[in-house]
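User: I would like to learn how to read a few features of a structure. Please take them one at a time.

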Amino acid sequence: MSIEDKNWRKYERQIHQELTKIFTDCDFQFDDKIFGKYSRIDRQIDISIRGNIGGNKILGIIDCKYFSKNIDIKIVESFLGMLEDTKANFGLIITNKGFSSSARNRANVSNLRLDIIEFDELEKIKLTFDYFVNQKIRNLELSKYELFKRARENSGYFDINKSDYNKRIITFKEGFANTEYFAFKKIIKESARMFRDFSDLETLIIKIPANKDSLKRIYHSKINRNELEKFLKIDFKYLREDIKYWRSDFLENGDYTKQSIYDFANENIDSTEYYDYENEI
């Protein structure tokens with residue numbers, strides 16, 4: 001074995017030692033082989049990771065690069081093909097020399113979950129439920145399929161039959177909000193969530209049935225991204241960067257009070273009789 005091969009093996013083992021500290025309940029396999037779903041051949045994997053995170057069964061594939069130069073876009077393109085072929089949940093390219101800006105950009109715009117990590121930064125990896133949520137949010141593109149899929153993921157009360165992608169209408173079923181106030185609050189919250197998740201979404205209509213004075217009504221609001229940002233005093237692109245910002249800057253926002261919700265509703269939320277809603281075509 002050459003000195004270069006010995007150094008690479010040592011590097012690979014060091015990566016394994018660091019990863020086992022991060023993925024504490026996962027199984028690792030060196031030099032794994034995974035049969036490609038599209039290529040129909042066995043794909044060689046430097047290190048594979050299998051386990052359960054946040055209740056999800058996961059498969060990760062790791063590519064260890066021991067180079068004298070930066071990772072370039074060709075390496076990222078090749079590894080993205082490997083991710084797709086193996087149906088892995090996420091991938092990591094770990095490098096000892098850094099990466100080009102084009103390589104990083106290519107990894108970021110992919111709809112596959114790929115991170116490029118420098119070896120010295122390994123201890124900063126936190127593969128938790130937040131990791132998967134963050135990756136999912138960053139990779140969402142505005143389409144009927146993804147908008148409705150995301151709405152369904154966010155709530156079991158999503159009503160696909162009364163929603164309309166072309167008109168940008170998201171409708172929820174009865175029971176999602178029991179009172180007028182909670183209808184107001186959830187209209188704001190669900191609108192904010194959708195604007196965070198879909199950067200190309202500019203206007204959204206939310207419809208939620210609720211009770212007022214023992215009578216059923218349907219509450220609805222057509223909300224513009226910029227107007228809601230101004231009201232909440234937040235930047236949806238910033239919230240899109242990390243799910244923790246959603247919790248700290250929106251859910252725990254001190255300016256987002258009961259009175260402010262009523263003030264917003266007075267200007268932006270209307271209601272009609274539930275009977276009219278039930279008979280909508």
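Predicted model: local features only at pLDDT ≥ 70, side-chain atom pairs only at ≥ 80, totals over all residues.

**Reading aromatic pairs, strands and cysteines**

Analyst: F184 and Y219 are both buried.

User: How is a pair of aromatic rings described?

Analyst: Two quantities describe a pair of aromatic rings: the distance of the centres and the angle of the planes. In this structure the count comes to 12 aromatic pairs. One of them joins Y157 and F176: the ring centres are 5.8 Å apart and the planes stand at 45 degrees, so the pair is tilted.

User: Where do Y157 and F176 lie?

Analyst: Y157 is in the loop between α5 (144–154) and β6, and F176 is in the loop between β6 and α6, so the pair ties together parts 19 residues apart in sequence. Y157 counts as partly exposed because its relative accessibility is 38%. F176 has a relative accessible area of 9%, so F176 is buried.

User: What is the geometry of the pair F184 and Y219?

Analyst: Their ring centres are 5.6 Å apart and their planes are at 90 degrees, so this pair is edge-to-face. F184 belongs to helix α6 and Y219 to strand β8, so the pair ties together parts that are 35 residues apart in sequence.

User: Which residues form one aromatic cluster?

Analyst: The cluster consists of Y181, F182, F184, Y219 and Y262.

User: Which charged ends sit over rings, and at what distance from the centre?

Analyst: The charged end of R168 sits over the ring of Y165, 4.3 Å from the ring centre. The charged end of R196 sits over the ring of W246, at 4.5 Å from the centre.

User: Turning to the strands, is β7 mostly covered or uncovered?

Analyst: Strand β7, residues 203–212, is mostly covered, with 7 of its 10 residues buried.

User: In which sense, parallel or antiparallel, does β7 pair with β6, and in which with β8?

Analyst: With strand β6 (residues 169–171), β7 pairs in the parallel sense over 3 bridges. T171 has K207 of β7 as its bridge partner. With strand β8 (residues 215–224), the pairing is antiparallel and runs over 10 bridges. Here I205 stands opposite K222 of β8.

User: What do β6, α6 and β7 make, and how many residues lie between the strands in the hairpin of β7 and β8?

Analyst: β6, helix α6 (residues 180–197) and β7 make a right-handed β-α-β unit. The hairpin of β7 and β8 has 2 residues between the strands, and D213 takes a positive phi near 55 degrees there.

User: How many disulfides does a search of the whole structure find?

Analyst: A disulfide is a covalent bond between the sulfur atoms of two cysteines. The search of the whole structure finds 0. As for the cysteines themselves, C26 has a relative accessible area of 13% and is therefore buried. C64 counts as buried because its relative accessibility is 3%.

User: Last, where is the place of R50, and which residues is R50 in contact with, leaving aside its neighbours within four places in sequence?

Analyst: R50 lies in strand β2, residues 42–53. With a relative accessible area of 35%, R50 is partly exposed. Leaving aside neighbours within four places in sequence, R50 is in contact with C26, D27, Q29, D32, I34, I58 and L59. R50 and I61 are 11 residues apart in sequence, and their C-alpha atoms are 9.0 Å apart in space.

Technical notes: Residues numbered from 1 in each chain as written. Heavy atoms only, no water. Buried < 20%, exposed > 50% of the residue type's maximum accessible area, 1.4 Å probe, protein only. Helix = DSSP H or I, 4+ residues; strand = E, 2+ residues; numbered from the N terminus. Pairing = 2+ DSSP bridges. Right-handed = clockwise from strand over helix to strand, strands pointing away. Phe/Tyr/Trp six-rings, centres within 6.5 Å; stacked < 30°, edge-to-face > 60°. Lys NZ or Arg CZ within 6 Å of the ring centre and 35° of its normal. Disulfide = S-S within 2.5 Å. Contact = heavy atoms within 4.5 Å.
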